[in-house]
Amino acid sequence: MAAEIISVTTEEQLQQAISIRTKVFVEEQKVPLDLEVDHYDKLGDTAHHLLICEHGEIVATGRLTYYEEDTAKMQRIAVLKEHRAAGYGRVLLLALEERARELGLRYSLLDAQCQAEKFYEKLGYETISDEPFDDAGIPHVRMRKKL
């Protein structure tokens with residue numbers, strides 16, 4: 001895999017990220033669009049968006065927001081369906097974690113869909129919520145990792 005990690009710096013790139021998320025979360029998983037797109041979906045200092053590009057095609061996206069003074073919250077991690085078995089989710093999350101370290105953050109937090117909990121465990125995340133909770137009609141657990 002020769003994936004290119006792209007830091008989103010233009011409106012066009014941001015729209016590519018939102019397009020992937022719309023396909024994955026809104027079309028596939030039936031999350032309402034008004035819950036998927038939010039105030040972090042803009043260029044600036046409140047969120048850091050990444051894209052993964054393979055052979056000229058954008059195949060994955062994710063973003064990092066600030067949760068607490070020393071904690072990044074990884075969000076909106078999405079890989080196009082036809083590329084999910086290729087390891088892009090792992091590449092994306094590791095790139096987001098590296099960005100968090102560059103920003104001086106010590107922990108990574110995320111709300112994982114229950115069906116993806118094992119994926120995140122393999123990458124060193126521990127479940128910290130007592131029970132699954134609902135987010136946009138999908139069961140989730142909160143997970144944390146020391147960076």
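These exercises with worked solutions concern the predicted model shown above.

Residues are numbered from 1 along each chain as its sequence is written, and side-chain values use heavy atoms, with hydrogens and water left out. Because this is a predicted model, local features need pLDDT of at least 70 and side-chain atom pairs count only at pLDDT 80 or more, while totals for chains, interfaces and linings use all residues.

**Exercise 1. The fold in outline**

Task: State how many helices and strands the chain has, and in what pattern they follow each other.

Solution. 
- Step 1: Helices (H or I, at least four residues) and strands (E, at least two) are DSSP runs, numbered from the N terminus.
- Step 2: The chain holds four helices and eight strands.
- Step 3: Along the sequence they follow the pattern β-α-α-β-β-β-α-β-α-β-β-β.
- Step 4: The radius of gyration, taken over C-alpha atoms, is 14 Å, close to the 15 Å of the globule rule for 147 residues, so the chain is as compact as a globular protein of that length. That rule is 2.2 Å times the number of residues to the power 0.38.
- Step 5: The C-alpha trace spans about 40 × 35 × 30 Å along its principal axes.

**Exercise 2. Burial and contacts**

Task: Find what share of the residues is buried, and what share of the contacts between residues at least 6 apart joins residues at least 24 apart.

Solution. 
- Step 1: Buried means under 20% relative accessible area, exposed over 50%, and partly exposed in between (1.4 Å probe, protein chains only).
- Step 2: Of the 147 residues, 48% are buried.
- Step 3: A contact means heavy atoms within 4.5 Å. Among contacts between residues at least 6 apart in sequence, 61% join residues at least 24 apart.

**Exercise 3. Two valine and alanine sites**

Task: Decide whether Val79 and Ala116 are buried or exposed, and place each in the chain.

Solution. 
- Step 1: Val79 lies in strand 4 and counts as buried at 11% relative accessibility.
- Step 2: Not counting residues up to four places away in sequence, Val79 touches Val24, Val59, Ala60, Arg84, Tyr88 and Gly89.
- Step 3: Ala116 is in the loop between strand 5 and helix 4 (117–122), and is buried with a relative accessible area of 15%.
- Step 4: Ala116 and Val141 are 25 residues apart in sequence and 9.5 Å apart in space, C-alpha to C-alpha.

**Exercise 4. Positive phi**

Task: Locate Lys30 and His55, each with a positive phi.

Solution. 
- Step 1: Most residues other than glycine have a negative phi.
- Step 2: Lys30 has a phi of about 65 degrees. The loop between helix 1 (11–28) and helix 2 (33–36) holds Lys30, which is exposed at 62% relative accessible area.
- Step 3: His55 has a phi of about 50 degrees. This residue is in the loop between strand 2 and strand 3, and is exposed at 75%.
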